[in-house]
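Thank you all for coming; I would like to walk through one structure this morning. Please have the sequence and the model open while I talk.

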Protein chains: 4
Amino acid sequence: MTEFSAVKESLARQAIELPSWAFGNSGTRFKVFGQPGVPRTPHEKIADAAQVHAYTGIAPTVSLHIPWDRVEDFTELAEYAAEQGVRLGTINANVFQEDDYRLGSVTNPDPAVRRKALDHLLECVDVMDATGSRDLKLWFSDGTNYPGQDDIRARQDRLAEALAAVYARLGDDQRIVLEYKLFEPAFYTMDVPDWGTAYAHCLELGDKAKVVVDTGHHAPGTNIEFIVAFLLRAGKLGAFDFNSRFYADDDLMAGAADPFQLFRILHEVVRGGGLSAEAGVAFMLDQCHNIEPKIPGQIRSVLNVQEATAKALLVDADTLAEAQARGDVLGANAALMDAYNTDVRPFLADLRTEQGLDPDPMAAFARSGYAERVAAERVGGHQAGWGA
Amino acid sequence: MTEFSAVKESLARQAIELPSWAFGNSGTRFKVFGQPGVPRTPHEKIADAAQVHAYTGIAPTVSLHIPWDRVEDFTELAEYAAEQGVRLGTINANVFQEDDYRLGSVTNPDPAVRRKALDHLLECVDVMDATGSRDLKLWFSDGTNYPGQDDIRARQDRLAEALAAVYARLGDDQRIVLEYKLFEPAFYTMDVPDWGTAYAHCLELGDKAKVVVDTGHHAPGTNIEFIVAFLLRAGKLGAFDFNSRFYADDDLMAGAADPFQLFRILHEVVRGGGLSAEAGVAFMLDQCHNIEPKIPGQIRSVLNVQEATAKALLVDADTLAEAQARGDVLGANAALMDAYNTDVRPFLADLRTEQGLDPDPMAAFARSGYAERVAAERVGGHQAGWGA
Amino acid sequence: MTEFSAVKESLARQAIELPSWAFGNSGTRFKVFGQPGVPRTPHEKIADAAQVHAYTGIAPTVSLHIPWDRVEDFTELAEYAAEQGVRLGTINANVFQEDDYRLGSVTNPDPAVRRKALDHLLECVDVMDATGSRDLKLWFSDGTNYPGQDDIRARQDRLAEALAAVYARLGDDQRIVLEYKLFEPAFYTMDVPDWGTAYAHCLELGDKAKVVVDTGHHAPGTNIEFIVAFLLRAGKLGAFDFNSRFYADDDLMAGAADPFQLFRILHEVVRGGGLSAEAGVAFMLDQCHNIEPKIPGQIRSVLNVQEATAKALLVDADTLAEAQARGDVLGANAALMDAYNTDVRPFLADLRTEQGLDPDPMAAFARSGYAERVAAERVGGHQAGWGA
Amino acid sequence: MTEFSAVKESLARQAIELPSWAFGNSGTRFKVFGQPGVPRTPHEKIADAAQVHAYTGIAPTVSLHIPWDRVEDFTELAEYAAEQGVRLGTINANVFQEDDYRLGSVTNPDPAVRRKALDHLLECVDVMDATGSRDLKLWFSDGTNYPGQDDIRARQDRLAEALAAVYARLGDDQRIVLEYKLFEPAFYTMDVPDWGTAYAHCLELGDKAKVVVDTGHHAPGTNIEFIVAFLLRAGKLGAFDFNSRFYADDDLMAGAADPFQLFRILHEVVRGGGLSAEAGVAFMLDQCHNIEPKIPGQIRSVLNVQEATAKALLVDADTLAEAQARGDVLGANAALMDAYNTDVRPFLADLRTEQGLDPDPMAAFARSGYAERVAAERVGGHQAGWGA
């Protein structure tokens, strides 16, 4: 196995983007449970996100969701973030929470609704100009619930048209990253249900369009790491939305449901050069904390991704490649499992100490009193959540 | 194939219970789209449900959800229902929409929360006494999101204790019908995830406890009609919650996603004697109309169940049994498919005409102007939905 | 709904290709059950296939599997087929049944094995030259069983190389049709697991490479008709392998497990112009008869596809499009369901009578005595099956 | 976390039974790849199984499959096993590999076939008398492929009748352990598709009937550890068939596909007292080695189960229970994950050294030359596989 010292530098460079909405309330269609201290404003969300970075050292940016995080002055918001020790990152468009979007946004049969949705997407690029964000992340809830409800093919035409319009608006250093999802909220077809659809559209658009892999958006049994390897080979992997799941898009903490899968994904990332800056892959969390406290939930998730990355980096690539080349099924599998079975927590604790961080981020945050402080301070107002 | 005339009587006797909450707003965690004319009170929901019965003739009862449909005077509500031409049916308990239930209701690690949940269940039996309902339908959202979060076995103990307490409170003609569900809202374990769990608890409780089969609550690939056949054989099938799905618990209109499955289920119902009054099986819809108009959505669903039942009744049981006995795979399958492939709509239209109903319920309701009238009248107030 | 008379011509033109191997023995890993009268040679398989065409009128061609159907003289085989009233169709390569292919064929880590596999593929093009076949159907069992066993990306490189070599060998009127499959026989990764992978390779290869949709090769919950619509839009749908399934690649008779899905698929075919000769879509069966008699199993399957096609053609496209355009969810769904719920069997029986065929192919074949005759004649020799 | 020293005793007592058939050839329906040195007789299978025990110290018994392992003199076979250092264990009945069983064995519509199948089951109890085995493991491939093919309920009646007859034949210290499976080889219904069905039959039979959990036999998304916890609570968990899977019943090495799931299962075993002798739970492997060498594949699997057990034993039950009791979602999850993330391999290597075993069983076996020796010696004869 590779020496830990040899992978420290890669780990120190790792950067995982946090979603602002993970700090607000979320839930299922059955119930959203409120929690004390939940942020009420974009600023408070950023302050919370900054806590995660302060204790882990590898979560330096925050993803925004428009309109949930719309502010008058994005420059001021960026400055506030900088004061907290973090930066603004990806801009997420939202065209699924207005009554007009009942039958879709950019694929709606009604041209007026399509126009409205497109205007919002273009506005998001304006926001990117203001925040200096590189990526516009597009996820469409568009789809149909019943066979025959709308024309599958016509919806693809409408989708392609909207994507082309947004693509044309991008600056030189801006990108579209397009997310796919099997189902929910639509229950018969989603208009971008799988990586193949996202890939085909991105190919059509050009180099500045890449695919987002959300680890919770696949059919049961899908081999996600295959998709990751394939997209890296094709130069089309734009970003990850990490989270975990047992059933559908459960949005649990990354690595909580299937830590071995997360390791396998990161093994393909490492294998495919996806950790390098040139690859341009954005590593983001996209998950919801329905019943657990939100800041610790994010810290735990960041640590889980870090541990999986450390293990992936520890894979002895030469030993693995040799076993593969000689058709040694058990030997090759063992080379991979040796890294997975290693307990990397002590190494990572040492790395943190070297970086001036507390070796145990969960405990350190708990001791800090931050949670109690914001619970006391953030009284009144409207807690943030989906839709605000 | 059996003559249609021979099955008319069975069809005329069919009764499908409607859920009051199907007439209120519903949606996904992403968005609840409001619709004009949606009821604001239990009375208005019952009025809407009565429309479905008025046009189909086979939806004579309405299921209530407590506390969503709690009123001061249930006797008055029952009288109002009678005036509208329908009756009150099953009582559905709700122990999943208060902050106290974040970690469960009757299986919560906190005894105080368990007590509160149990009190609500017992209160529901009080409501049943008032409404004259036979069935208390219990669905628990209880479960855990993370491995280790709580003790699976201890939760079973707590569940058994609560069920026993409710069972002890039942009157002679009252029953518990216990529903199972694979996942959602809990994402690691549900405390009653499958029919085996529900069956085991009902067996322990006694004759007045039966299992509810909700057609949307199974793992992918589960053969639901097998479960139906098994439970009928065991005398433990209490009720159906019909709806349909392509992915998870999509709650689409019954029969919309897989009409052949609905037919196969009803074939097992017919085969197992489940249509007879003695079997005591309650046939209910439990579905949500997120994007389609609600009353027509219920009419369509009732018709879909009726059509599937008609086809199931048309199966020539003798031909089928003979082919099965001689091991004629294709012959036996053909006997079943012959009924399924028959277009029963003309027969059912005739049946309606004989009963003094319009042969085309969807068109008749559309012509009636009811939808426009309530949209105009029901202005202001708070539209009903999950949670109200 | 469209008049049946308006769709008769399309139905009369329909052609469904039969797989030679469907007439041999097949089974599961647990047991292959033999049946009396099973063919022992390619000629006997063709004779059986010709029976299906004789009774249905829409199964004029037979797919061959090399080496299972390898003969000395393909010209003679073609002549024999012509005498029986059918033609030779697609050539299926087989690189999965020799010990050398334990770790893959064209993606094997061993270059010698890759060369051997490629030679077989090129030999198949030779066979196509001899038979005049248009399509080379490629399905690779290649993949891995364990994480780390081989390098996912390197296998894609090897796959691309082999495909390019075969593509270069194609004549002007020849095509590659590339099949994907989620799993089995490999259990961790398949090298072409999904339509996206097949599509990406076909795009790279050029116009003579198209995707095959086998209806049994998807993850649970995959919307197959979406893929069909997408590939037709992209001009990349090459062929169908029809069969049906409840769980995995069950290879049951087409339309037997989910007739509604088959209808929805054919609706997208019709919608996307896939029935036209110009579209170049090959409609094939690919299924196994483990417990049912083989010729009747194929007749039943052909009829099921025909019935689904008839229903799809009956959809009133104008009514559907209008309802879709005005966002009428239930109206649009009803336009589709109206066609699905129609019993097309009487129309098709009439069509057969007009064509000089027996209106009931299943009964006519049963009466013919063919099954009894071949059971008596085909004694001794080695019954055909997978691997022979 | 619990000290390793405190769990050593439990680990030293662990016993995992090996399946004789794992040492023979196996494969998929597409191809069985032969391997050099594969056993040709029950004796050679036992000799190979004994190697696994010799290097791991925790695989002291071997499961037999009748008729695959039928011998003239089971007493002699038992003596041979003893000489090799192992004992004979569970007897597995096989009623799925004769042509008579095409439509089922004990549930076949033909009474003569049912009688034949029952006779075989009773013969297996005779074998148990001869071998001194405690458990008769029953897995039925019985089921149907097509809707209508046979009567679901009648098949349950026939199943119950056969089970009762076998149960009546059991000696005082003998048990039936009944296995369930979702699908394969039947594709529409299996007659024992899920744990609920097995549980209901076992309950009906009595105390000497228990349920077998095969980890590869569930629908996607099924929470297996819930079932384990439930069955232990009910006193009805009889045995495990360990193996692993990504898709269907892939029969990969235990722990290879989802090591975290294996750990969670063993956590519930420990929690529910399932490791104690009194619990009477048999821990068996049931898996096939299609492409990997067979003895190392079994050693690897045994080690995987041992590592998962060690981790499960290391869970600090008090810390876990306290976190659960106070509703500390992240704390409770962390208590579990702390054990899972521990690298137990050094501890287990030490344990082996203490026991006089080589600390690295895989390497020690590879060095031993056994594989090369049997490959040289076992030439000629018929390699064992499914069906022989």
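For the complex, the predictor gives an ipTM of 0.97 and a pTM of 0.98.

A word on conventions. Residues are numbered from 1 along each chain as its sequence is written, and chains are lettered from A, with ligands numbered from 1, in the order in which they are written. Because this is a predicted model, local features need pLDDT of at least 70 and side-chain atom pairs count only at pLDDT 80 or more, while totals for chains, interfaces and linings use all residues; side-chain values use heavy atoms, with hydrogens and water left out.

Let me begin with the sheet in chain A. What is the order of its strands? It is an open sheet of 8 strands, in the order β1-β2-β3-β4-β6-β8-β9-β10 (chain A), and the pairing is parallel. Helices (H or I, at least four residues) and strands (E, at least two) are DSSP runs numbered from the N terminus, and two strands pair if DSSP finds at least two bridges between them. At the edges stand β1 (18-19) and β10 (282-285) of chain A, each with a single partner strand, so one side of each has no neighbour in the sheet.

Helix α4 (residues 111-131) of chain A lies across β2 (61-66), β3 (87-93), β4 (135-138) and β6 (175-179) of chain A, at about 175° to β3(A). Here, and for the other angles I quote, axes are lines fitted to C-alpha atoms, for helices over the stretch in contact, and angles run from 0 to 180 degrees between N-to-C directions. Helix α8 (residues 259-271) of chain A, for its part, lies across β9 and β10 of chain A and runs at about 160° to β9(A).

Staying with α8(A), how does it meet helix α9 (residues 294-314) of chain A? Their axes come within 8 Å and cross at roughly 55°, and α8(A) and α9(A) are therefore oblique to each other; angles under 35 degrees count as roughly parallel, over 145 as roughly antiparallel, 65 to 115 as roughly perpendicular and the rest as oblique. The crossing is right-handed, a crossing being left-handed if the near helix is turned anticlockwise from the far one by less than a right angle, and right-handed if clockwise. The contact (heavy atoms within 4.5 Å) includes L262(A), F263(A) and L266(A) of α8(A) and V305(A), A308(A) and L313(A) of α9(A). By class, this contact has 8 nonpolar, 3 polar and 1 charged residues, where Ala, Val, Leu, Ile, Met, Phe, Trp, Tyr, Cys and Pro count as nonpolar, Asp, Glu, Lys and Arg as charged, and the others, Gly among them, as polar.

Now to chain C, where the axes of helix α4 (residues 111-131) and helix α5 (residues 152-169) come within 10 Å and cross at roughly 25°. The helices α4(C) and α5(C) are therefore roughly parallel to each other, and their crossing is right-handed. Among the residues in contact are R114(C), D126(C) and D129(C) of α4(C), together with R158(C) and R169(C) of α5(C). By class, this contact has 7 nonpolar, no polar and 5 charged residues.

I turn next to the backbone. In chain A, the peptide bond from E184(A) to P185(A) is cis, with omega near 10°, and P185(A) is found in the loop between β6 and β7 (189-190) of chain A. D251(A), in the loop between β9 and α8 of chain A, has a positive phi of about 60° although it is not a glycine.

In chain D, the peptide bond from I66(D) to P67(D) is cis, with omega near 20°, and P67(D) sits in the loop between β4 (61-66) and α3 (74-84) of chain D. I66(D) itself stands opposite A93(D) in β5(D), and 5 bridges join β4(D) to strand β5 (residues 87-93) of chain D in parallel.
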